[in-house]
Amino acid sequence: TNLLPDGGFESGQWKLTKWDNGEGKLEFSSEARTGGKAAKLTGISRAKAAINLLAHSPAVDVRAGREYTLSLWHRSDGQATPTVSILTYKEPWAAAQWKTPLTAYETRQLPHSDGWSPWTWRFRAAPGSVQIIVAIRNSDVGSVWFDDVALFEAGGARLQVVEAATITALPDQRRLKADVSLGGAAAKWRL
């Protein structure tokens, strides 16, 4: 189950904001990968100040020390800098909001992509974390679109190799034998 509400930006639960005073436009655009909307962050000018545009998720509960996988789709144009930040907190975020004490603040810059491109990040929630906010960002001139953002607790799928070998030549037919189970479920598949 996706832990992030409204990862497709259909119901307006994510907040659009600026962290600097550079000129920009923030919107939920109809230029979506799926559904009717995507988050679009457009940097217009950094003549007066730096550009730091973002859309951030509502705060959601996490378990300290657990691994999570964040996945999304993005595309960009111009000099736009698609970026994702994960902010984990040691207290519930609602009361103090941006003044809530952090346990970690990590950022990754995504590669430029003219077309919709998938991206994932696996991380461990910092010790003492109780909530997380995901911020999708743009810090330069141009547009970045984000869609289909999802956060899952990692470990829901497991791949176990049941036969191993050393490859000395590439055969015409390639095969991998594995047992696959999802979330410890009784159902297993043999590939």
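Over the ring of which residue does the charged end of R75 sit? In this predicted model, the charged end of R75 is placed over the ring of W145, at 3.8 Å from its centre.

**Aromatic pairs**

- The rings of W19 and Y105 have centres 6.5 Å apart and planes at 85°, and because an angle over 60 degrees counts as edge-to-face, that is how this pair is classed.
- W19 belongs to the loop between β1 (15-18) and β2 (23-29), whereas Y105 belongs to strand β8 (residues 102-109), so their pairing ties together parts that are 86 residues apart in sequence.
- The rings of W93 and W98 also form an edge-to-face pair, since their planes stand at 85°, with the ring centres 5.2 Å apart.
- W19, W93, W98 and Y105 together make up one aromatic cluster.

**Accessibility within the cluster**

**Charges over rings**

- R33 lies over the face of W73, at a distance of 3.8 Å from the ring centre.
- R75 is placed over W145, with its charged end 3.8 Å from the centre of the ring.

Key
Residues are numbered from 1 along each chain as its sequence is written. This is a predicted model: local features need pLDDT of at least 70, side-chain atom pairs count only at pLDDT 80 or more; totals for chains, interfaces and linings use all residues. Side-chain values use heavy atoms; hydrogens and water are left out. Rings of Phe, Tyr and Trp (its six-membered ring) pair if their centres lie within 6.5 Å; planes under 30 degrees apart count as stacked, over 60 as edge-to-face and the rest as tilted. Helices (H or I, at least four residues) and strands (E, at least two) are DSSP runs, numbered from the N terminus. A charge sits over a ring if NZ of Lys or CZ of Arg is within 6 Å of the ring centre and within 35 degrees of the ring normal.
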